[in-house]
Amino acid sequence: MSQQQEEHLYAARVPIFPRSVKGRFRSVKYAILVLAYGVYFMLPWLRWHRDNGPDQAVIFDLKARLFYVFDMIIHPQDIFLLAAFLTLAALLLFFVTSVAGRVFCGYFCFQTLWTDVFIMIERLVQGERPARIRLSKQPWGMEKAVKLGLTHLLWLLVAFWTGLTFVLYWGDAPTLFVEFFTGKAPFPAYATALFLTATTYVMAGLAREQVCIYMCPYSRFQSAMFDKDTLVVSYDAKRGEGTAGRHKIAKGFKTREERHEKGVGDCIDCGYCVQVCPTGIDIRNGLQVPCIQCALCIDACDTIMDSLGWERGLIGYYSENQLEGKKTRFFKWKTLGYGLALAAVVGFMTWLVASEQPLDMHVRKLRQPLYVELSDGSIQNSYDIKINNKTSEPVRVRMEISGLPGARADFGRFREVEIRPQHYVRLLGKVSLKPAPGTPKRQNFSFRAVPIEPADLPPVEAPARFFIP
Ligand code: SF4
Ligand code: SF4
């Protein structure tokens, strides 16, 4: 690659100073922001009573290797729940994107939410867009140093609080909080908080829109989910440009009638839609990769239209078909497919959670040796048995076998065994059988753990196989 080509590939960042805007979409975004921050920052502090287990509503208990989410307890072997959840999230994203474009990016993405707060801080300290532009251009002095210093300090505080809160999900929050500030927390807590502080500060404070434009893969493959019926934030060019293009409000171009007479559209070229855009683009140039569909340009343009007394909607959520004067079809095979797949995964997850057993048991045949011949002519097979108590109470079970007539089971002193809440026991099971002529060489049977206390729990079974030479 030549030096000349390399220079073309590099684009220096042009700082963006988004202007504030009021409107319906901005209000929705504020509401989502408050909800998301409320949930994320408050959840580790929410207490939850459990008879046996931590009293924190949501906690990844590393020592016990359990993940508590309110009344749900997720064990490491429930990892497929995580896989199902990720599949669900991906399908939901595909479904929503095929109907309404990148709404996830514009309203729910962490990058958008955190960048939004960082821009608010910047505005609070440095003022509205013109003041921030002026400050960025003026030479270094006391005012610039104080305002930029304070902005970065507040960014770092939010970033640190974000990192610390993440850490608090991995232990008892009040205890870990005190340990953290008294130097007694484990090293990974400090490392994680530091790493997340740095990444949040860089991503939401310094890199901002560059994350969406250059780093996020979603903006690249979204086009595969878009079609002519997808609702995306769009500029109604027919209305805005007319036949003679846009024109500022000026003498002879003040009323709609005057403008339409001259073939001029409704866009008064005020630039407000561009000034509010967090990625610094002009939506009037059509759909672009950097557009995160935040809809702030809709609010901006609606504000202008309201002030002129003209109807809203010069920028709005439109499909390509709609802008061409055709009908938008919401029921398409692709959307239906995403919807059905989504419903299937939701159904599967509901079934998984609803059908979860309080006890589970796994049996592994010991193969070294595969069997032993006893002095009385019996054949003995040995098994490694693991029983998991997923309840929050101790459970006492009696071990037995079924489906192998004439066989004896020996569990040593563990024919009855007590399992602590959220713990498991491993035991050795020896099964012996005196084969009669014609007894099959391989026979399937089951181990059963029958709860004695509490007796109302259902027994749990695990399949096994008996080998005869
Ligand atoms: S063009 Fe409009 S919707 Fe797209 S990012 Fe900019 S303000 Fe948001
Ligand atoms: S805010 Fe509306 S009127 Fe102003 S430049 Fe943008 S599209 Fe045109």
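**Exercise 1. Helices H5 and H7**

The crossing of H5 and H7 is right-handed; describe the angle, the axis distance and the contact of this pair.

*Solution.* Start with the source. This is a predicted model, in which local features need pLDDT of at least 70 and side-chain atom pairs count only at pLDDT 80 or more, while totals for chains, interfaces and linings use all residues. Residues are numbered from 1 along each chain as its sequence is written, and chains are lettered from A and ligands numbered from 1 in the order in which they are written.

Next, the terms. Helices (H or I, at least four residues) and strands (E, at least two) are DSSP runs numbered from the N terminus. Axes are lines fitted to C-alpha atoms, for helices over the stretch in contact, and angles run from 0 to 180 degrees between N-to-C directions.

Now the geometry. H5 covers residues 110-126 and H7 covers 142-168; their axes come within 9 Å and cross at roughly 150°. That makes the two helices, H5 and H7, roughly antiparallel. The cut-offs are under 35 degrees for roughly parallel, over 145 for roughly antiparallel, 65 to 115 for roughly perpendicular, and oblique for the rest.

Last, the contact (C-beta atoms, placed from the backbone, within 7 Å). H5 brings Val-117, Phe-118, Ile-121, Glu-122, Val-125 and Gln-126, and H7 brings Lys-147, Leu-150, Thr-151, Leu-154, Trp-155 and Val-158. By class, the contact of H5 with H7 has 8 nonpolar, 2 polar and 2 charged residues. Here Ala, Val, Leu, Ile, Met, Phe, Trp, Tyr, Cys and Pro count as nonpolar, Asp, Glu, Lys and Arg as charged, and the others, Gly among them, as polar.

**Exercise 2. Helices H5 and H9**

At what angle do H5 and H9 pack?

*Solution.* The angle is about 75°, and the axes of H5 and H9 are 8 Å apart. H5 and H9 are therefore roughly perpendicular. Gln-111, Trp-114, Thr-115 and Phe-118 of H5 meet Thr-200, Met-203, Ala-204 and Gly-205 of H9. The contact of H5 with H9 divides into 4 nonpolar, 4 polar and no charged residues.

**Exercise 3. Two ligand shells**

Which residues come nearest to ligand 1, and which are the closest to ligand 2?

*Solution.* A residue is near a molecule if its C-beta atom, placed from the backbone, lies within 6 Å of it. Around ligand 1 there are 14 residues, with Cys-277, Ile-283, Cys-291, Cys-294 and Cys-297 nearest. This ligand 1 shell has 12 nonpolar, 2 polar and no charged residues.

Ligand 2 is surrounded by 14 residues, the closest being Cys-267, Cys-270, Tyr-272, Cys-273 and Cys-301. Helix H14 (272-275) and helix H15 (296-308) each supply at least two residues of the ligand 2 shell. H15 gives the most, with 3 residues. The ligand 2 shell splits into 10 nonpolar, 2 polar and 2 charged residues.

**Exercise 4. Backbone details**

Is Arg-208 buried or exposed?

*Solution.* Phi of Arg-208 is near 45°, a positive value in a residue other than glycine. Arg-208 lies in the loop between helix H9 (187-207) and helix H10 (209-215). It is buried, with 23 other C-beta atoms within 10 Å. The cut-offs, for C-beta atoms placed from the backbone, are 20 or more others within 10 Å for buried, 12 or fewer for exposed, and in between for partly exposed.

Methods. Left-handed = near helix turned anticlockwise from the far one by under 90°. Contact = placed C-beta atoms within 7 Å.
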